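Please open the structure in the viewer and keep the selection tool at hand.

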Amino acid sequence: MRLAHKRKVQLKLQKHIKAAVANVQATKKAKPVVEKKVAVAPAAEKVVAVKQTDVALTPKQQQVLDIVVSNTDGINPKGIGLAAGQEDAKAASWATGALKKLLEENLVVKEQLAGNKVIYKAI
């Protein structure tokens, strides 16, 4: 393996580990707040988690997340791409990479409709 490739892989792993540590710390800090204020805590906990993970998102992922959040009833990948200004043929494939990362970070939920139809909703 080339040395430059090894460095890139290690850097990506470190970034991923840092993001995971930030998520764990956010949930640990949010739990005492949940115990004190039961009614307000769930909404506050979500806000804290989103703010912590926003740092690790690329501009494209942040743009996709903003589009999904603005559509409360859900939106398909092609709709996301079109809302971002992509051309019709490339819209769905443009959005899928960012959506995979957002699913991995539990920022959006994937819902399977009839057949191969899929929509994404913000958590």
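Which residue's side chain meets that of Lys-121 in a salt bridge? Select Lys-121 and Glu-111: their side chains form this salt bridge, at 3.7 Å from N to O. A salt bridge here is a side-chain nitrogen of Lys or Arg within 4 Å of a carboxyl oxygen of Asp or Glu. The pair links distant parts of the chain, 10 residues apart, with Lys-121 in strand β2 (residues 118-122) and Glu-111 in strand β1 (residues 108-112).

This is a predicted model, in which local features need pLDDT of at least 70 and side-chain atom pairs count only at pLDDT 80 or more, while totals for chains, interfaces and linings use all residues. Residues are numbered from 1 along each chain as its sequence is written, and side-chain values use heavy atoms, with hydrogens and water left out.

Next, display the whole chain as a cartoon. The protein has five helices and two strands, in the order α-α-α-α-α-β-β from the N terminus. Helices (H or I, at least four residues) and strands (E, at least two) are DSSP runs, numbered from the N terminus. Of the 123 residues in the protein, 25% are buried. Buried means under 20% relative accessible area, exposed over 50%, and partly exposed in between (1.4 Å probe, protein chains only).

Now select Asp-88 and Lys-78. Their side chains meet in another of the three salt bridges, at 3.1 Å from N to O. Asp-88 lies in the loop between α4 (77-83) and α5, and Lys-78 in helix α4, so the pair ties together parts that are 10 residues apart in sequence. Asp-88 is partly exposed at 48% relative accessibility, and Lys-78 is partly exposed at 37%.

Proceed to Lys-101 and Glu-105, whose side chains form a salt bridge at 3.4 Å, N to O. Glu-105 counts as buried, because its relative accessibility is 15%.

Select Ala-95, in helix α5 (residues 91-104). Is Ala-95 buried or exposed? At 0% relative accessibility, Ala-95 is buried. Beyond its neighbours within four places in sequence, Ala-95 contacts Pro-77, Ile-80 and Gly-81, where contact means heavy atoms within 4.5 Å. Ala-95 also lies 7.0 Å from Val-64, C-alpha to C-alpha, although 31 residues separate the two in sequence.

Finally, select Lys-15, in helix α1 (residues 3-36). Lys-15 is exposed, at 57% relative accessibility.
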